Amino acid sequence: MSTTVTPPPTQNQSGSSRFTSAAANYIDERTKIGVAVKEFGRKVFPDHWSFLLGEVALYSFVVILLSGTFLTLFFQASMAEVFYTGPYVPMKGVEMSVAMASTLDISFSVRGGLLMRHVHHWAALLFVASIGLHMLRIFFTGAFRKPRELNWVIGFVLFVLAMAEGFTGYSLPDDVLSGNGLRIIDGIIKAVPVVGTWMSFLFFGGEFPGTDIVGRLYMLHIMLLPAMVILFVALHLAFVVIHKHTQYPGPGKTQQNVVGFPVLPVYAAKAGGFFFIVFGVIMLIASFVGINPIWNYGPYDPSPVSAGTQPDWYIGFADGMLRLIPPGWETEWFGYTWSWNMLVPIIVMVGFLIVVAIYPFIEAWVTGDKREHHILDRPRNAPTRTAIGAAGVTFYAVMWAGASSDIMATHFQLAMEGVIHTLQALLFLAPIIAYQIAKRTCLALQKKDRSIALHGYESGRIVRMPGGEFIEVHKPVTDYERWELVSYHDYEPMMLRPNDDGRIPFGKRLRAGMSRWFFENRIVPPTHRRN
Amino acid sequence: MAEAAKYNGSEGAVVPAEGHGAVAPAAGTAVIATDAVQNPGLPPHRKRVTDLDPKVEKRAERTVYTLFYVSIAGSLGAVLAYMFFPIESGDLWDIRLHTMFVGVGMTLSLLAVGIGAVHWGKAIMADHESIDERHPVPSDSATRAEAVEVFTLANEESGFSRRSLVRNSLIGALIAFPLPGITLLRGLAPQDQDPVTLLKHTMWEEGIRLARDTGGYGVGGAIRAADVTIGSVFHVVPENLSQATNLLDEKAKAVVLLMRLEPEKLKERDERKGWSYDGIVAYSKVCTHVGCPVALYEQHTHHLLCPCHQSQFDVTDEAKVIFGPAKRPLPQLPITVDDEGYLVAQSDFQEPVGPSFWERLK
């Protein structure tokens, strides 16, 4: 035994605990890890099913990394032409790119390879889906408010990165579907004014499809984009630690505390176990449900395409928006081509995404509220925000439905034109309808909460009074239940007053208008005096 | 006290308290009720059935370790399935079985350990609520003052503000230094080619025969005018396609659809009358929207449909757009027949094929 500062183990320690303390000491002397364990080991996290959505995203990303690493051991990102010689009979002797052939080899010649392809693809779909749901949870509960606005933007970047990861991965096998996907991207890039033609030329290393694109996308897919995802995930989680997790309103929960369970041992078990559950569910789907059977599509060929072509679900909104443009939106001005049939969808989608990204700042500006918010809103208690969210989701959903316009037409035996025209109308009408329904529903629920808080629940017991009058007995709620109903923020519309120069600047006028829009219809939470 | 008063949430989710000394962040248009309902505090802890009944707790413990054993069995099962379900026959059924059994083994291994751990956490581990205090996010004023001091010192010691020439030239250098890197990216595409020229030309030229597209890199036999019956449709490539150096690049531009209609149904402008042959017309197969192959032909309406975004083109009327997001008609390939009766191109397309691009009219 060497001489160290280690205190000698006491006599009554058992062998294993002596080993544990020696190991812990060894590590701490070299890493100062004790500080981290003390700081984070008993950190408290609140409990709610909706907090799991972000975890699903994180864990499916880990599954993507694991399965993707396996796939890179076999995939070859080359567009050189070869004749397939593997065991799958219908493709024998077919000329294809090395990328396609190696994907077929992963599917048919590597044991477990097809399973890992399924795992990778399903996990990718789940990754984007869970990010989307997580964002909706954050939005509708107001978790993006100060101090979390920047973390919302980081999460938004992750959402975009996830879609980019998905698209680059979808394009790698170089089959008919992925090639047609790239063809569409090529068409969209070419529509960009001034630089589009050259951007496409540089991107594809010459003319479409060229022989470079798979290698380039592969670099993006397995290096640049994952590195960025990991970086932003690290930032995202660091901010969760710095801010501490938000919690739903409830008795005992305040803006200055977090009520829940400690990391060690409860969350180590629950979150650690949940990783395996997410992985297990993906594995279960991957075992039984195939996805992207490229051997049915064949290698990329610019000539064929099958009816019912669909992108992966998360690209659907973009594809749908392209379909919803009426005929003839292209102009020739000053001797150049302006492809509005591509530019308008790009502007609409980018505009939509920008509004999503900056929404926290808009709302903060409207309310002028500079306080920290760690207690979540129940969606009903922010009726206008909830209605805006409902309108946004509906707008996205209509674009998304657009990508299935042909499938809807064939399945329900409708006219293609009828489906498109209906969706075009819905793109404008449906968000307005959804907005109104959501807002009215929120206000009605708030009224119901208010009435319950003030008068209690309807007990269903009808009593006849001595005077012959019938009344229903209301059962009062407990203090704990009442607190959940009444503890929400109440904002009133901004009062418009002239400044010292006696003027009302435009910005202020705009803010007052927005404030009226947000808070004109409001249900005030009951207080003691008004009880 | 001052820090806590600043946030005042203990008195409810509403409002900073005013007049507590510390500077409270502005509440904006929030309504601050002075008589808000008070937070009643944490409700009494409710014990779980595993806390009350040792038998149930014992059972939960059994469930957890049984699940962990099941997980081990699943892992071993997956290894066994890997060994005993070979796929080397190339038969799809064998691959399906292999995928399924290895997958089921791994599923069992993952789900059992996951559910076991979560059950352990929920049913057995202590479940009394813990409370962490939350501190305001900003650093305290002393720390801030020190941070400001750091920057002030750094500025003084370097003279960053004072030596403006040094500073500005540095900014200039930092702006200039990425330029060579960006320039290098020009190499992404070949130096000696111009995309606009390339996009305007296909392999079609005078006398090139129209051959069947047999899929992929293949070129089928040339097509005689007599082979094209009324109502039929041919997927066509140039007969010399296989000589192309970048075959798929050329094919992506040169694919053509060939159809024969009753000649009286064709509406043709005078200057295009000579482009068809006896009711046979040839149109570019590349959609003028984003370039998908316009592969679906509806015989009785003479409409071509693009399966990607549902643009529809009327073959009888010079492939004009009748529905969908495309703007321009499909470019027509002028054709005729040669001495042996084979269909040949009269020339290249008279305009660029495929999706629009900025310099298309140049």
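Two strands are said to pair if DSSP finds at least two bridges between them. In this predicted model, such pairing joins two chains: strand β4 of chain A, residues 257–262, runs alongside strand β1 of chain B, residues 130–133, in the antiparallel sense, and four bridges connect them. Within this arrangement, A:Val258 has B:Asp132 of β1(B) as its bridge partner.

The contact between the two chains involves 117 residues of chain A and 102 residues of chain B. On the side of chain A that touches chain B, the greatest contribution comes from helix α10, residues 263–288, which supplies 16 residues. When the residues on this side of chain A are sorted by class, 57 are nonpolar, 36 are polar and 24 are charged.

Chain B was also examined as a separate unit. Its secondary structure consists of nine helices and twelve strands. For a chain of 362 residues, the globule rule gives a radius of gyration of 21 Å; the value for chain B is 38 Å, well over that figure, so chain B is more spread out than a compact globule. Along the principal axes, the C-alpha atoms of chain B fill a box of roughly 100 × 75 × 45 Å.

Of the 362 residues in chain B, 35% are buried. Where contacts in chain B link residues at least 6 apart in sequence, 55% of these contacts join residues at least 24 apart.

How values were computed. Residues are numbered from 1 along each chain as its sequence is written. Chains are lettered from A and ligands numbered from 1 in the order in which they are written. This is a predicted model: local features need pLDDT of at least 70, side-chain atom pairs count only at pLDDT 80 or more; totals for chains, interfaces and linings use all residues. The radius of gyration is taken over C-alpha atoms; the globule rule is 2.2 Å times the number of residues to the power 0.38. A residue is buried if 20 or more other C-beta atoms lie within 10 Å of its own, exposed if 12 or fewer, and partly exposed in between; C-beta atoms are placed from the backbone. Two residues are in contact if their C-beta atoms, placed from the backbone, lie within 7 Å. Ala, Val, Leu, Ile, Met, Phe, Trp, Tyr, Cys and Pro count as nonpolar, Asp, Glu, Lys and Arg as charged, and the others, Gly among them, as polar.
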